[in-house]
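Dear colleague,

I am handing over the structure below, together with some notes on what was found in it. Please look through the sequence and the model before reading on.

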Amino acid sequence: IIEKLDATAKGAQRAKAGIDIALYDLLGKAAGLPANRLFGGAVRDRVRVTRLMGMYAPKEMAEKSLALVRKGYTALKLKVGTTLKEDVERVQRVREAVGPEVTITIDFNMHCAPKEAIERIQKMDPYDVAIVEQPVKDTDLRGMALVRQNVRPLILADESVHAFIRRPSVAGTRKPLPAGAPGGAGAGRWTPGRPHRKRSGP
């Protein structure tokens, strides 16, 4: 079914993901098993949720982030991508508001050129950003690799993954990935469920 969907409907990943999940649910019901047993069984009974924070002015973002932490969230993903000054101030104000134990990740949504992304991320370094999502254009894998080689946080590909699916010839899937290219969700040494800690070395 999924192969037929992929052949007839390019993109629409969220819709196809919903169908994929429903199929596993049906398979579990037919077998009289929880769906997690189809994958070897549950490995945890709780899942940590990263709460998305939309684009706001720095002061307002900090206030909204603190309100979420007071509700129990311990991981935040901040939308950034206006000016260098505003982006750095957003991260600074949020970190100062929520304290050192909350994991902060950021999402540029392809806003930057590679060198611009490097500058912004380096200026955010004092505020312990764990992961930076898609800082450059989706098809610019060399740019993603350049950013990864020059900053401390992990670099996460999002739109770049979809670029491979939508137009593989443009994304260059037949060529080797550039050295230092980022991974997908969960790539690298950060452990979900624990506050990020600064690491030494590249």
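This is a predicted model: local features need pLDDT of at least 70, side-chain atom pairs count only at pLDDT 80 or more; totals for chains, interfaces and linings use all residues.

As general background, nonpolar side chains in soluble globular proteins tend to be buried together.

One of the residues named above, valine 94, touches Met61, Ala62, Ser65, Leu76, Leu78 and Ile104, when residues up to four places away in sequence are not counted.

The strand β2 deserves a separate word: five of its five residues are buried, so β2 is largely enclosed by the rest of the structure. Ala75, Lys77 and Lys79 point one way from this strand, whereas Leu76 and Leu78 point the other way, and all of them are buried. β2 pairs with β1 in the parallel sense, over three bridges, and leucine 78 in β2 is the bridge partner of methionine 53.

In α5, the buried residues are Pro114, Ala117, Ile118, Arg120, Ile121 and Met124, and they pack against α4, β3, β4, α6 and β5 (154–156).

Helix α4 also holds alanine 97, which counts as partly exposed because its relative accessibility is 30%, a value that lies between the 20% under which a residue is buried and the 50% over which it is exposed. Leaving aside neighbours within four places in sequence, alanine 97 is in contact with Ala62 and Leu66. Alanine 97 and serine 65 are 32 residues apart in sequence, while their C-alpha atoms are 7.7 Å apart in space.

Turning to the surface, Tyr24, Leu27, Leu33, Leu38 and Phe39 form a nonpolar patch, which together has about 450 Å² of accessible area. Leucine 33, a member of this patch, lies in the loop between α2 (13–31) and β1 (51–53), and at 33% relative accessibility leucine 33 counts as partly exposed.

With best regards

Technical notes: Residues are numbered from 1 along each chain as its sequence is written. Side-chain values use heavy atoms; hydrogens and water are left out. Patches are made of residues with over 30% relative accessible area and no salt bridge: like charges are joined within 9 Å, nonpolar side chains (Val, Leu, Ile, Met, Phe, Trp, Tyr) within 5 Å. Accessible areas come from the Shrake-Rupley method with a 1.4 Å probe; for residues, only the protein chains shown count as cover. A salt bridge is a side-chain nitrogen of Lys or Arg within 4 Å of a carboxyl oxygen of Asp or Glu. Helices (H or I, at least four residues) and strands (E, at least two) are DSSP runs, numbered from the N terminus. Buried means under 20% relative accessible area, exposed over 50%, partly exposed in between (1.4 Å probe, protein chains only). Contact means heavy atoms within 4.5 Å. Two strands pair if DSSP finds at least two bridges between them.
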